Amino acid sequence: MISPAKPRRIHSLDWQDEAACAGTDDPAFVADAVADALPALEMCAHCPVTAECFTDGRRRGGWGVWGGRYLRAGRPVRTLL
């Protein structure tokens with residue numbers, strides 16, 4: 001019998017190991033200007049855990065790119081350019 005997959009808990013950070021950006025320290029993820037964040041946003045486009053990342057960024061009040069969105073104080077910025 002195959003056991004069902006264990007559901008992810010949002011407060012667990014296990015999802016980070018699956019992130020497309022895992023192991024990178026690209027400054028584009030913490031860019032002050034949205035236009036400078038484009039390389040990070042492109043990496044997120046191919047990431048399997050954007051929902052977990054975005055939720056974590058909102059919860060933490062993050063700045064920069066989280067889950068394929070640019071956040072300022074945990075709030076999404078509507079326009080990119």
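Helices, taken as DSSP runs of at least four residues, are numbered from the N terminus, and Asp-32 lies in the segment before the helix called H1. The legends below describe close-up views of a predicted model.

View A. With a relative accessible area of 74%, Asp-32 is exposed. Leaving aside neighbours within four places in sequence, the residues in contact with Asp-32 are Tyr-70 and Arg-72. Asp-32 and Trp-63 are 31 residues apart along the chain, and their C-alpha atoms are separated by 8.5 Å.

**View B. Cys-21, likewise placed in the segment before helix H1, which spans residues 38–44.** Cys-21 has a relative accessible area of 26% and therefore counts as partly exposed. When residues up to four places away in sequence are not counted, Cys-21 touches Phe-29 and Met-43.

View C. A disulfide is a covalent bond between the sulfur atoms of two cysteines. With a cut-off of 2.5 Å between the sulfur atoms, the count in this predicted model comes to zero disulfides. The cysteine sulfur closest to that of Cys-44 belongs to Cys-53, and because the two are 6.2 Å apart they are too far from each other for a bond. Cys-53 is in no disulfide either, the nearest cysteine sulfur being that of Cys-21, at 6.1 Å. As for accessibility, Cys-44 counts as buried at 11%, and Cys-53 is also buried, with a relative accessible area of 14%.

**View D. The open sheet of three strands, arranged in the order S1-S2-S3 with antiparallel pairing.** Strand S1 (64–66) and strand S3 (75–76) are the edge strands, each of which pairs on one side only. Strand S2, made up of residues 69–72, pairs with S3 in the antiparallel sense over two bridges. Within this part of the sheet, Leu-71 has Pro-76 of S3 as its bridge partner. Helix H2 (residues 50–60) packs on the sheet, where it touches S1, S2 and S3, and the direction of the helix makes about 130 degrees with that of S1.

**View E. Helix H2 and its buried residues.** The buried residues in H2 are Glu-52, Cys-53, Phe-54, Asp-56 and Gly-57. The elements that cover the buried residues of H2 include the strands S1, S2 and S3. One of these buried residues, Cys-53, has a relative accessible area of 14%. Following H2 in the chain is Gly-61, whose phi is positive, near 75 degrees.

**View F. Ala-73, placed in the loop between S2 and S3.** Although Ala-73 is not a glycine, its phi is positive, at about 55 degrees. Ala-73 has a relative accessible area of 43% and is therefore partly exposed. The two strands that this loop lies between, S2 and S3, pair with each other in the antiparallel sense.

Key: Residues are numbered from 1 along each chain as its sequence is written. This is a predicted model: local features need pLDDT of at least 70, side-chain atom pairs count only at pLDDT 80 or more; totals for chains, interfaces and linings use all residues. Side-chain values use heavy atoms; hydrogens and water are left out. Buried means under 20% relative accessible area, exposed over 50%, partly exposed in between (1.4 Å probe, protein chains only). Contact means heavy atoms within 4.5 Å. Two strands pair if DSSP finds at least two bridges between them. Axes are lines fitted to C-alpha atoms, for helices over the stretch in contact, and angles run from 0 to 180 degrees between N-to-C directions.
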